[in-house]
Amino acid sequence: MTSLEQDIKQQIRDLCRQKNAVVMAHYYQRAEVQSVADFVGDSLALAQQAQKTDADIIVMCGVHFMAETAAILCPERKVLIPDASAGCSLADSCQAADLRAWKAQHPDHLVVSYVNTSAEVKALSDIVVTSGNALKIVNRLPQDAKILFGPDRNLGRYINERTGRKMDLWNGCCHVHDRFSAENLVQLKQQYPQALVLAHPECRKEIVDQSDVVGSTAVLIQYVKEHPDGQYIVMTADGVDYEIYQSCPNAHLINTDNACEYMHKHTLESVLACLQNEAPVVTVDAQTAMKATLPIHRMLDWSK
């Protein structure tokens, strides 16, 4: 770490104390951003932590929908995002107007939306899920329920296969997870025959079917922590290695070099500027927030 990085980190921590601010970071963030955060987690954990915090300011080092979720759960807090252009290809693939039209075509269906969606889409949903709780929540729904699931077709297919459901799936995907190559995975397995394959369910079927452990970012990280001396091919976005190596320095992670460019928009410099200027602020209009609150709280309650 350079002296400049250390100085920026110190300024960030000083401002957090002065302003009663908390920095939250997703596991896919740059290592230096994770290292300065008060809390690091996946989408579910970030939402849960936002709900618990007593800070006046939340700096969400993730993508825009994560900051929106925090703003919905914490209307009395000021929610900031270091770089306002940190969007999400998956969330962008499902616009509220299109979901509204899809619902109109299937009026007898429940709408289950992945957390990787805009506040407007959440407001049109019956319940929200994350990759960490999707199986549990979908299994709790009535067996005869007709379900629209979106926007991730890969996660939806995985849920259908694991639960025996026949949910109708939106045709969206995470561009990071969807671009993993099955051919490249075969080559890596040949090169590292002792390695286990850890995959996120946003990956395509041919990746998931070759994997030893499938689960959310938090599940994959926890598996390595429970088997800290193993060798792993990790099929999810870059960034998880930082969290793993903090407690599992002997683990051998085979890097697939697949970063989310939106997650990596945040830097130490932008986190500092965000705290100094208390901007950009992420807000959700009151009517949308009110409608989105129920499906989000339903998710949090069912995740306990």
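Mentor: In this predicted model, Cys174 has a relative accessible area of 12% and is therefore buried, the cut-off for that class being under 20%. Cys74 is likewise counted as buried, because its relative accessibility is 2%. Cys174 is in no disulfide either, and the nearest cysteine sulfur, in Cys260, is 6.4 Å away. A disulfide requires the two sulfur atoms to be within 2.5 Å. A disulfide would be a covalent link between two cysteine sulfurs.

Strands of a sheet are joined by backbone hydrogen bonds, in a parallel or an antiparallel manner. Here, four strands make up an open sheet with parallel pairing, arranged in the order 2-1-3-4. Strand 2 (39-41) and strand 4 (78-80) are the edge strands, each pairing on one side only. From one strand to the next, the twist averages 20°. Strand 1 (residues 21-26) and strand 3 (residues 57-61) run parallel and are joined by five bridges. Within this pair, Val22 has Ile58 of strand 3 as its bridge partner. Helix 1 (residues 3-19) lies across strand 1 and strand 3, and runs at about 130° to strand 1.

Methods:
Residues numbered from 1 in each chain as written. Predicted model: local features only at pLDDT ≥ 70, side-chain atom pairs only at ≥ 80, totals over all residues. Heavy atoms only, no water. Buried < 20%, exposed > 50% of the residue type's maximum accessible area, 1.4 Å probe, protein only. Pairing = 2+ DSSP bridges. Helix = DSSP H or I, 4+ residues; strand = E, 2+ residues; numbered from the N terminus. Axes fitted to C-alpha atoms, helices over the stretch in contact; angles between N-to-C directions. Contact = heavy atoms within 4.5 Å.
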